[in-house]
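The following questions and answers are intended for a student who is reading a protein model for the first time. Please keep the sequence and the structure in view while working through them.

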Amino acid sequence: MSVHIKTPEAIERMRVAGRLAAEVLDMIAPYVQPDVTTEELDLRCHEHIVKVQGSIPAPLNYRGFPKSICTSVNHVVCHGIPANKRLKKGDIVNLDITVIKDGYHGDTSMMFCVGEPSILARRLVKVTREALWRGISVVRPGATLGDIGHAVQQFVEAQGYSVVREYCGHGIGREFHEDPQVLHYGKPGEGLVLRPGMCFTIEPMVNAGKRFIKLLPDGWTVVTKDRSLSAQWEHTLLVTPDGHEVLTLRADERAAVPGA
Ligand code: MF3
Ligand code: CO
Ligand code: CO
């Protein structure tokens with residue numbers, strides 16, 4: 001396993017890429033409404049990333065992925081392919097954005113509620129967001145990847161939900177997916193020790209039902225095996241000498257993070 005420690009120059013570029021990825025979510029938010037198709041959302045993000053940001057949408061052609069963003073609706077866990085299918089009131093949808101700017105990646109995703117989803121759906125979305133932030137809050141030099149996984153898992157399971165095991169967060173930089181793998185379950189004190197200059201994502205996938213998943217025949221779309229709802233939130237992080245910096249923080253989150 002080779003985990004890069006980013007140079008100050010690389011960190012500055014990671015900050016730019018992270019900010020751009022977050023800005024795509026801010027840009028697209030008003031369009032996530034009943035009757036929009038996920039393909040229309042993809043096209044709008046694509047144009048913004050390419051024409052406004054002068055960046056590259058990392059998913060497009062990544063290992064053959066056909067679109068510029070991932071759109072995962074309801075029981076889709078991750079890697080949903082934008083299609084000519086309309087969102088409807090009551091849906092929950094994850095939009096996952098990864099941009100490449102000056103050779104560096106920024107990767108972030110969030111959930112949107114369309115209309116007013118069920119109480120269960122809204123609670124799942126909220127618990128998953130809090131699970132991400134519980135993971136983020138333990139990131140500092142000397143902490144371990146197991147500390148992160150444990151923080152996420154124990155919170156999610158205490159709420160009666162389950163953590164998907166087959167997909168995880170990842171190191172990020174010049175490559176979309178670098179070492180290490182950042183599992184969303186684990187034991188305190190186990191695994192890699194964090195050091196300043198490391199960059200990775202935390203991106204828990206949480207199912208309302210059992211943790212098991214199934215890959216659809218398109219080779220990308222991951223769904224819950226029991227067809228229960230699933231949610232995911234993702235940020236890209238930098239380990240700093242005294243803690244962490246969330247590189248993909250959005251405007252709406254800034255108020256909640258001291259010093260950001
Ligand atoms: N953005 C996803 C992640 O968080 C990866 C998507 S791969 C794709 O790691 F090919 F589906 F885009
Ligand atoms: Co990611
Ligand atoms: Co992502």
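Q: In which strand is the place of F200?
A: The strands used here are DSSP runs of E with at least two residues, and helices are runs of H or I with at least four, both numbered from the N terminus. The run that includes F200 covers residues 199-202. The place of F200 is therefore in strand 9.

Before going on, two remarks on the source are needed. This is a predicted model, in which local features need pLDDT of at least 70 and side-chain atom pairs count only at pLDDT 80 or more, while totals for chains, interfaces and linings use all residues. Residues are numbered from 1 along each chain as its sequence is written, chains are lettered from A and ligands numbered from 1 in the order in which they are written, and side-chain values use heavy atoms, with hydrogens and water left out.

Q: Is F200 buried or exposed?
A: Buried means under 20% relative accessible area, exposed means over 50%, and partly exposed lies in between, with a 1.4 Å probe and protein chains only. F200 has a relative accessible area of 1%. Because this value falls under the 20% limit, F200 is buried.

Q: Which residues is F200 in contact with, leaving aside its neighbours within four places in sequence?
A: Contact means heavy atoms within 4.5 Å. By this criterion, and leaving aside neighbours within four places in sequence, the residues in contact with F200 are V139, I148, H170, G171, I172, V182, L194, H235, T236, L237 and V239.

Q: Which residues coordinate the cobalt ion (ligand 2)?
A: Donors are N, O and S atoms within 2.8 Å of the metal (3.2 Å for Na, K and Ca), and water is not among the atoms, so sites may look incomplete. The coordinating atoms of the cobalt ion (ligand 2) lie at 2.0 to 2.2 Å. They belong to D107 (OD), H170 (NE2), E203 (OE) and E234 (OE).

Q: Why is the arrangement around the cobalt ion (ligand 2) irregular?
A: Four donors count as tetrahedral if all angles lie between 85 and 135 degrees; four count as square planar and six as octahedral if opposite donors are over 155 degrees apart and all others between 65 and 115; anything else is irregular. The arrangement around the cobalt ion (ligand 2) is irregular because its six donor atoms subtend angles of 51 to 160 degrees.

Q: Which residue coordinates both the cobalt ion (ligand 3) and the cobalt ion (ligand 2)?
A: The protein donors of the cobalt ion (ligand 3) are D96 (OD), D96 (OD), D107 (OD) and E234 (OE), lying 2.1 to 2.4 Å from it. The two cobalt ions are 3.3 Å apart. The residue that coordinates both is D107.

Q: What is the relative accessible area of D107?
A: D107 lies in strand 5 (residues 104-113). D107 is buried, and its relative accessible area is 2%.

Q: How are helix 3 and helix 4 oriented to each other?
A: Axes are lines fitted to C-alpha atoms, for helices over the stretch in contact, and angles run from 0 to 180 degrees between N-to-C directions. The axes of helix 3 (residues 119-137) and helix 4 (residues 145-158) come within 8 Å and cross at roughly 155 degrees. Angles under 35 degrees count as roughly parallel, over 145 as roughly antiparallel, 65 to 115 as roughly perpendicular and the rest as oblique. Helix 3 and helix 4 are therefore roughly antiparallel.

Q: How are helix 1 and helix 2 oriented to each other?
A: Helix 1 (residues 8-28) and helix 2 (residues 38-52) pack with their axes 10 Å apart, at an angle of about 135 degrees. The contact is made by V24, M27 and I28 of helix 1 and L41, R44, C45, H48 and I49 of helix 2. Helix 1 and helix 2 are therefore oblique to each other.

Q: Where is N74 found?
A: N74 has a positive phi of about 55 degrees although it is not a glycine. N74 is buried, with a relative accessible area of 16%. N74 is found in the loop between strand 2 (70-73) and strand 3 (76-78).

Q: What is the relative accessible area of H79?
A: H79 is not a glycine, yet has a positive phi of about 60 degrees. The place of H79 is in the loop between strand 3 and strand 4. H79 is partly exposed, and its relative accessible area is 26%.

Q: Which strand does P180 lie in?
A: The peptide bond from D179 to P180 is cis, with omega near 0 degrees. P180 lies within residues 178-182, which form strand 8.
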